[in-house]
Amino acid sequence: MPKAVIRPRETSDLPKAAIVLSAVHESDGYPVEGVEDPQAWLSPDGLLAAWVAELDGKVVGHVAINSPQPGEEVARLWKEKNGVDNSQIAVLARLFVASEARKGSVGKRLMDAAEAYARTSKLRLVLEVLTKDAAAIRLYERLGWQRIGEAIHTFGGKHVDAVCFVAPA
């Protein structure tokens, strides 16, 4: 399999990433929200940076880093455990990879790009993942992310269990 190119996301990538996101939602149930307007979901309030993975000129993956938003449980947990404030935290979000590109370490390489940005910006990355997303949890644990607690993710009147992680120091 050819190696995917990881690069900063451009505005012109949004429609392509939205198509991949919709396909991932159909196959994996991720994300549980945002699929009614995927381009907006990919550009949330507080977006700091985003990257795409391209394979043979086709977008096959995406990741973003956001500033912590009000009510974000994972940021609250990390602040309580470490006495830091929001200016020292970033939230890894919107990570997905097309099923046909998952054998090429695309998810890991997208995360590497996000982690490098966070290190350069002197930010500690945290994330929340739904407990139903076992493959994502395995990826984060394999990459050395540490569990820092549990949360309830609320969307559309539903409440779903989630696990919170922090990136390796």
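Predicted model: local features only at pLDDT ≥ 70, side-chain atom pairs only at ≥ 80, totals over all residues.
Biologist: Let's start with helix α1. How far apart are its end C-alpha atoms?

Modeller: They are 20 Å apart. Helix α1 runs over residues 14-28, which is 15 residues. At 1.5 Å a residue it should span 21 Å, so the two values agree.

Biologist: Which residues of α1 are buried?

Modeller: L14, A17, A18, V20, L21 and V24 are buried. They cover an arc of only 165 degrees around the axis, which puts them on the same side of α1.

Biologist: And what is exposed on the other side of α1?

Modeller: I19 and E26 are exposed there.

Biologist: What do the buried residues of α1 pack against?

Modeller: They pack against α2 (38-41), β3 (58-66) and β4.

Biologist: What follows α1?

Modeller: G29 does. Its phi is positive, near 75 degrees.

Biologist: New topic, helix α5. Which residues are buried there?

Modeller: I137, L139 and Y140 are buried in α5, which covers residues 134-142. Seen down the axis of α5, these buried residues fall within an arc of 160 degrees, so they line one face of the helix.

Biologist: Which exposed residues sit on the face turned away from that buried side?

Modeller: R138 and R142.

Biologist: Which residue just after α5 takes a positive phi?

Modeller: G144, with a phi of about 90 degrees.

Biologist: Now the largest pocket. How much space lies in it?

Modeller: About 1200 Å³. The pocket is lined by 42 residues. The closest to its centre are Y30, L95, E128, V129 and Y140.

Biologist: Which element gives the largest share of the pocket lining?

Modeller: β4, with 7 residues.

Biologist: Which elements each supply at least two residues of the lining?

Modeller: Both helices we discussed do, α1 and α5. So do α3 (73-82), β4, α4, β5 and β6.

Biologist: Last one. How do the lining residues divide into nonpolar, polar and charged?

Modeller: There are 24 nonpolar, 7 polar and 11 charged residues in the lining of the largest pocket.

How values were computed
Residues numbered from 1 in each chain as written. Heavy atoms only, no water. Buried < 20%, exposed > 50% of the residue type's maximum accessible area, 1.4 Å probe, protein only. Helix = DSSP H or I, 4+ residues; strand = E, 2+ residues; numbered from the N terminus. Arc of directions from axis to C-beta. Expected span 1.5 Å × (residues − 1). Contact = heavy atoms within 4.5 Å. 1 Å grid on protein atoms, 1.4 Å probe; cavity = no way out; pocket = protein on both sides within 12 Å on 5 of 7 lines; lining within 4 Å. Points joined across faces, edges and corners; volume = space filled by probe spheres on them. Nonpolar A, V, L, I, M, F, W, Y, C, P; charged D, E, K, R; others polar.
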